[in-house]
Amino acid sequence: MAAVSRPLDDVRQLISLLKKPPHTDDEADTALRAAAAERPIEEVAELINSFRPGADASVEREAPHQEPPPRPFGPQSPASPDQDAPKAAAIPTGAPPPPSSAPAVGRPAPEAAPATAGAARVPALRSVLRWPAAAALLMIGVIHLPTDITAARSGNTAAYASMGIAAICLILACLLPLHDPVWVWALGAAAAVATAVVHAVGARFTSVHLLRDSLGSSFTGATTLAVLCAVVTAGLAVAVLLRKSDSGQQPTRPE
């Protein structure tokens, strides 16, 4: 009963004496059981751990892991060499250096992808008015198609002008429905205005007739039809360009 009422240190010392000769281990076990019967679980576990083989080696426990103190917010003083020493020691010898976001010295920075392919292709307006404008340009080109190539070879200025108007208007008539950026509309307006001006200037001279060696000479009113188509084309082109300019000047609404 002495093992039950004695303090824990006395019980530990008593059991240590009972383990020595002339006493036997059975006596020490009996005293340990008697002490464990009336004591809390914590004291029983401490007694058992103190008499376990290799208990001295397990006395030293690991110190609790201490987190580094938080760094103060704001500008910091330059770190001393003693503070940088643990960081340098934490990197194992032979390990590859940590990746750095800054480009290496002497190595050219990666160039941006060439934007010529995307920048060269101007976005199309896809206006509905491109269809009537293309039809008017097609009509102007057909009216000015030459019927006598020899007239152009002979150095006839009117034949050259008619062939130039036909080529430009037919190209624009094919390009406008497929891809109608701003520059195509601007070229269409310029070609239409140039056609109307050339016919207006040619009407002042009776000796100059642009449609003399073209398909327009086969029916009456070809000049009037060509000028009318030129006016329609110029009007449509100006309307589309003004609408594009107004939409580009509108302020962007905040999301």
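Student: Which way does α9 pass α10, in a left-handed or a right-handed crossing?
Tutor: α9 passes α10 in a left-handed crossing. That word applies if the near helix is turned anticlockwise from the far one by less than a right angle, and right-handed is for clockwise. Keep in mind that this is a predicted model, where local features need pLDDT of at least 70, side-chain atom pairs count only at pLDDT 80 or more, and totals for chains, interfaces and linings use all residues. Residues are numbered from 1 along each chain as its sequence is written, and side-chain values use heavy atoms, with hydrogens and water left out.

Student: OK, and at what angle do the axes of α9 and α10 cross?
Tutor: Roughly 150 degrees, and the axes come within 10 Å. α9 covers residues 157-178 and α10 covers residues 182-204. Axes here are lines fitted to C-alpha atoms, for helices over the stretch in contact, with angles from 0 to 180 degrees between N-to-C directions. The two helices are therefore roughly antiparallel to each other; angles over 145 degrees count that way, under 35 as roughly parallel, 65 to 115 as roughly perpendicular and the rest as oblique.

Student: Which residues of α9 and α10 make the contact?
Tutor: From α9, they include I165, I168 and L172, and from α10, W183, L187 and V198 are among them. Contact means heavy atoms within 4.5 Å.

Student: New topic: how many disulfides are there in the whole structure?
Tutor: The search finds 0, with a disulfide being a pair of cysteine sulfur atoms within 2.5 Å. For C229, the nearest cysteine sulfur is that of C169, 9.7 Å away.

Student: Is C229 buried or exposed?
Tutor: C229 is buried, because its relative accessible area is 11%. Buried means under 20%, exposed over 50%, and partly exposed in between (1.4 Å probe, protein chains only). C174 counts as exposed, at 54%.

Student: What about T223, where is its place?
Tutor: T223 is in helix α11, residues 222-249. T223 is partly exposed, with a relative accessible area of 32%. Leaving aside neighbours within four places in sequence, T223 is in contact with H199, H209 and L211. The C-alpha atoms of T223 and A203 are separated by 9.6 Å, and these residues are 20 apart along the chain.

Student: Last one: how many helices and strands does the protein chain have?
Tutor: There are 11 helices and 0 strands. Both are DSSP runs numbered from the N terminus: helices are H or I with at least four residues, strands are E with at least two. Of the 255 residues in the protein chain, 24% are buried.
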